[in-house]
Amino acid sequence: MKFIGLVLKSARRSKRRTALTILSVALAVFLFSALRAVLEGFDAVSAASSAQRLVTIRSTSMIFSMPTSHGEIIRSTPGVQDVTWANWFGGIYKDPKNFFGQFAVEPESYLRMYPEILLSPEEKKAFLDDRTGCIVGDGLAKKYSWNIGDRIVLQPGIPVYGSQDYPFTIRGIYRAGSSAVDNQSMMFHWKYADERSLQKGEVGWYVTRVADPERAVQVAGTIDQKFANSPYETKTETEKAFSASFASMLGNLNLLLGSVALAVVITTLFVAGNTMAMSVRERTTEIAVMRTLGFPAITIFLLVVGEGLVVAVVGGTAGALLSRVIVNGEALGLTGGFIPAFGVSNANVAAGLGLSALIGMLAALIPASTASRLKIVDALRRVA
């Protein structure tokens, strides 16, 4: 108890400096946990991807469409079990800031292709029977307080869909059965969008189910060969590879976010180290008196390390808890239908606390070693 009391008293010697150090560690842990949560959100898509699904887009870019005739050609490819397609709609709900994924899909085949979209039989039937009906994820419905039967209107955000508003009726609220499906999206009938489109019969991407996952790459190559040297050449990948390539369009996220986190942690380490060095210098005479009273060098060492550890862990705890509360992709609407709703997990919190403890120990290591090696006579000669 005396040891803990001494540690806490030392930490309170300069309250402002200690508070600023705690704030620095909290910020570092907050950013560390938040960046890890974003990366885990992208990784979850790849991990949950089906080995039986292939995604076909234009070879030039995903933003260019393909004709619906591709669907039958893909369906006739040996090894293909089922085919569906979808378009990105990009509509505006009341305000451009209200961004969420909106997909015009071929409803029957799309729901077959993605059994992870969980709907009740009644909701599924109501959606299939209503040309202007739509289904929304439970996360999206919660965000906008939508209920089944509500009418919503989207303004087209892409010129190809004209300028008239698109009214919809919510016929179902689905749950995501895995991370391969996002619960922050809206899906509606492809035909409804196509009949009002300025470029009819165009598809953004095709999704194919293969009979044998072991032959998925071979089937993908066969599909692309069928459209080689045509005006609409394609690029077909497994769903996992497509998810990875989509994330890569944003850059090397592991390197980018990892570098940011590393820079913040190193900067915080230097700040904490400087704080501990200043604290030890101010207590030089005090440390000399403690040595004179019989405190061994190892106790002095542990007192300084304990002070650094306490300050860092307090800051780490604050940063980890704050990230757990604030960093929520579902609540903030940051997923946009491309990655599942992410958040700071318990493992991230534990990693953040471990990181703060490491910062505290490393920051205090050199000052603690210096303090424990001080000679009593030399220390008493110094002026704190």
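Mentor: Helix 12 supplies the largest share of the nonpolar patch, four residues. Helices here are DSSP runs of H or I with at least four residues, numbered from the N terminus, and strands are runs of E with at least two. This is a predicted model, in which local features need pLDDT of at least 70 and side-chain atom pairs count only at pLDDT 80 or more, whereas totals for chains, interfaces and linings use all residues. Residues are numbered from 1 along each chain as its sequence is written, and side-chain values use heavy atoms, with hydrogens and water left out.

Trainee: Which residues form the nonpolar patch on the surface?
Mentor: Phe3, Ile4, Leu8, Ile298, Leu302, Val310 and Val314 form it, with about 560 Å² of accessible area together. Such areas come from the Shrake-Rupley method with a 1.4 Å probe, and for residues only the protein chains shown count as cover. Patch members have over 30% relative accessible area and no salt bridge, and nonpolar side chains (Val, Leu, Ile, Met, Phe, Trp, Tyr) are joined within 5 Å, like charges within 9 Å. A salt bridge is a side-chain nitrogen of Lys or Arg within 4 Å of a carboxyl oxygen of Asp or Glu.

Trainee: Where is Leu8 placed?
Mentor: Leu8 belongs to helix 1. Leu8 is partly exposed, at 35% relative accessible area; buried means under 20%, exposed over 50%, and partly exposed in between (1.4 Å probe, protein chains only).

Trainee: Which side chains have a polar contact with Thr236?
Mentor: The side chain of Thr56 is joined to that of Thr236 at 2.9 Å, and the side chain of Asp224 at 2.8 Å. A polar contact is a pair of N or O atoms within 3.5 Å; within protein, one must be able to donate a hydrogen and the other to accept it, and residues adjacent in sequence count only if both atoms are side-chain atoms.
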